[in-house]
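Me: I have a protein model open and would like to go through it with you, piece by piece. Could you help me read it?

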Amino acid sequence: ISDQKPLGCWSLKHGQILTCPVVCNFETHEYIAVHDDKVLRIWKNEDINLDKAFKATLSADVYRIHSLPHGGPVVLFRGGGVRSLDVLLEAPQQEIEDVISGEVIRWSGAFMEGQQPLLIFTTEKDEDFFVYVQKPKLSSLHKYKLEQQESAKPVCFTAHITNQTVTLLCLYSNDSVYQVLIPLQEDTEEEILSKSLLLNFSVSGTVLKGTSLVVLDKDHVAVLGSLTAPGKEPRECLSIWNTKFQTLQTSKELPLGTSGQLWCYEENFFLFHGKVLTVIMYKCETSSLAAAVGKLKDSQTPDVSSFVNWNTLEDEELVVSFQSQESVPLKAESRMNLRSRRSTVAEVQPETLSVGQLLLNLKDASTYVLETELRQLMAKAPTPDLQATIGCVVTALTDRCKRNPKYYPQNFLQQIVETRDLSYSLCPDLMAVALEKKDMHLLQLCLERFPDIPEEITYACLKAFLSISEDHLQKIDVNLDSAICYIDVEFNDKEVKTEIVENGFSAEMDQDMCHTKIPKESQSWSDGESCPVGLQKAALLNAVLHSAYTETFLLPHLKNLPAQQAILFLRYLYYLYVKCSEKVNTTLPGIRSPTINQIMDWMCLLLDAHFTVMVMLPEAKELLSNLHKFVRAQRRFYSELNKIEGSLRELQRLNHLRESQTYSIEVLEII
């Protein structure tokens, strides 16, 4: 999530449908899925083809699989039966009892109660709601009936366990949250559970229509829903409430809309905002009345009841992003008033001026004042939020660049990127501005340092590097450390051949050993033909080779690369490949030089994207032929090495067995 990179993707066959969410087995690091209600699939991260993964057909329909960190996966069937995954895999076709009759499961949750897994699920039948509490390992089952609420029904449920008591929170359609307490130690038959009002979301004509509810800790809940007010369009928002003092802690409008689903894991919210998955950090600390109503005098006190980093929602103003990052009291939101944070900026004392307020005040300041204040801000003592602060400093600079085309603090931006541990997600406009300004050095720095650059931006950098002229690059300050050690340059910028032979091995010898006739052009590469690009451009292209990417997302962009640029890039990759092959360890000298795996991966990517075009272009035909012959020669050479691998291992074993103290010459005959 932090690098915003997909790590794996698996597909079902056409016609198959995933019927419950996929979970991870924390103990075995395996994924578990169910498709078509009864077919269980288990696979690991390195598995590529899902169709070849472990498969088991069960005897009953699965409702949900829950995975517990120390309790293992637990399977809940639609009939209310529960089995641990281990027990189920021993006999997949075992009969599963029906616990419920005519009821439909509406929600389920799994928890650890001591050393035992505990499963809770709610059902509905004829507008009546029931709660089941089950301990699979102890074969313990309790059924309860929820007290009915006039003209309202539950929309969603969530729960947590404290001191052997289940606290079930129910979000009802009357815009209220009710609390139900279920003691675990009592062994009673079916009974009616009474509930108590915990929160009401209808205040002064403004109503929060909640669709999803999650528990953050014993005193805080988060609600995802839409704000409705007379005469106004509904607006979706995420809000955090203090249940102890029944106050709204913070809220945020979501103008792009959501799916109505909210997840919470390890102090992170996960929700769909528009077409993207948004991750929002939060932090709940000790709850106090002063924090709940925004009356804390010291903004640095650890008693602030909730902390939310809204910085991932890009459409909001800077002052909104930093209200939470600086732990500023949310005074204007202390009343239960669901107004947008745009209009509820907290009043702060001058000595506790937030970063967002400071940046807002500097919005129209002179260039000198702006950069001086920002340098002072970054020079402050390290804090947990310093990285996010610096990210917004960069955002403030890029915003000014977009407002004023003549303004571009090149040296300042390069200094920040070089000295700070930033990422693309913290300053998403930086590389776009650098591309617009054709700041090749800054783009090189970002490619080398940012772990989460989108493939679209990586492609844009590659295209910019290939299209810029060599004459223009001569005037630009570029870091040459990754290329200067294997491209020797004279004053006329022509490469001078430096033949490197290690242990009697070179690319030319490789081809001679394979009895392969070396074409004239292929010989010229081995004999020291100059690099197809200049030193500066080679260093820039190396930065692209080092950038992380996902093939599925990069390939569509690479297909848009002009044919001539694709050929030039392939020639450079071929040049690097030959250079690597000159060395026994296939490693290029220099700092951050491309590795053989990076070179080959990019060659394969480029050929996949442009193979049809290159085959038809006359200027690419000879290059492809030489590449094919060189790769074939390499394959034959390593094939010959494999043939004597056994003999070499035997020699190594014999040397370990005897410890000769005298000088000797031994001959090993390889048959």
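This is a predicted model: local features need pLDDT of at least 70, side-chain atom pairs count only at pLDDT 80 or more; totals for chains, interfaces and linings use all residues.

Me: Is Arg83 buried or exposed?
Reply: The cut-off for buried is under 20% relative accessible area. Arg83 has 15% relative accessibility, so this residue counts as buried.

Me: Which side chain is joined to that of Arg83 by a polar contact of 2.8 Å?
Reply: The Arg83 side chain has a polar contact of 3.0 Å with the side chain of Gln94. The polar contact of 2.8 Å joins Arg83 to the side chain of Glu97.

Me: Let's move to Gln536. With which side chain does the Gln536 side chain make a polar contact?
Reply: Gln536 lies in helix H14, which spans residues 535–546. Its relative accessibility is 12%, so Gln536 counts as buried. Not counting residues up to four places away in sequence, Gln536 touches Leu473, Gln474, Val478 and Leu480. The polar contact, at 3.5 Å, is with the side chain of Gln474.

Me: How are helices H7 and H9 oriented to each other?
Reply: Two packed helices are described by the angle between their axes and the distance between the axes. For H7 (residues 410–419) and H9 (residues 440–449), the axes come within 10 Å and cross at roughly 15°. Angles under 35 degrees count as roughly parallel. That is why H7 and H9 are described as roughly parallel.

Me: How many nonpolar, polar and charged residues are in the contact of H7 with H9?
Reply: These two helices have a left-handed crossing. On the H7 side are Leu413, Gln414, Val417 and Glu418, which meet His441, Leu442, Leu445, Cys446 and Arg449 of H9. By class, the residues of this contact are 5 nonpolar, 2 polar and 2 charged.

Me: What is the handedness of the crossing of H15 and H17?
Reply: Helix H15 (residues 551–558) packs with H17 at an angle of about 50°, their axes 9 Å apart. The two helices are therefore oblique to each other. Their crossing is right-handed.

Me: Which residues of H15 and H17 make that contact?
Reply: The contact of H15 with H17 has 7 nonpolar, 1 polar and 2 charged residues. From H15 come Glu551, Leu554, Leu555 and Leu558, and from H17 come Trp602, Leu605, Leu606, Asp608, Ala609 and His610.

Me: H17 also meets H18. What is the handedness of that crossing?
Reply: The axes of H17 (residues 596–616) and H18 (residues 618–643) come within 9 Å and cross at roughly 135°. H17 and H18 are therefore oblique to each other. H17 passes H18 in a crossing that is left-handed.

Me: How many charged residues are there in the contact of H17 with H18?
Reply: In H17, Met603, Leu607, Met614, Val615 and Met616 meet Pro618, Ala620, Lys621, Leu624 and Leu627 of H18. These residues divide into 9 nonpolar and no polar, and the charged number is 1.

Me: How far apart in space are Ser625 and Val615, C-alpha to C-alpha?
Reply: Ser625 is found in helix H18. With a relative accessible area of 28%, Ser625 is partly exposed. Ser625 and Val615 are 10 residues apart in sequence, and their C-alpha to C-alpha distance is 9.9 Å.

Me: Last one, on a loop: is Asp175 buried or exposed?
Reply: Asp175 lies in the loop between strand E13 (165–172) and strand E14 (176–183). Its phi is near 65°, a positive value in a residue other than glycine.

Methods:
Residues are numbered from 1 along each chain as its sequence is written. Side-chain values use heavy atoms; hydrogens and water are left out. Axes are lines fitted to C-alpha atoms, for helices over the stretch in contact, and angles run from 0 to 180 degrees between N-to-C directions. Helices (H or I, at least four residues) and strands (E, at least two) are DSSP runs, numbered from the N terminus. Angles under 35 degrees count as roughly parallel, over 145 as roughly antiparallel, 65 to 115 as roughly perpendicular and the rest as oblique. A crossing is left-handed if the near helix is turned anticlockwise from the far one by less than a right angle, and right-handed if clockwise. Contact means heavy atoms within 4.5 Å. Ala, Val, Leu, Ile, Met, Phe, Trp, Tyr, Cys and Pro count as nonpolar, Asp, Glu, Lys and Arg as charged, and the others, Gly among them, as polar. Buried means under 20% relative accessible area, exposed over 50%, partly exposed in between (1.4 Å probe, protein chains only). A polar contact is a pair of N or O atoms within 3.5 Å; within protein, one must be able to donate a hydrogen and the other to accept it, and residues adjacent in sequence count only if both atoms are side-chain atoms.
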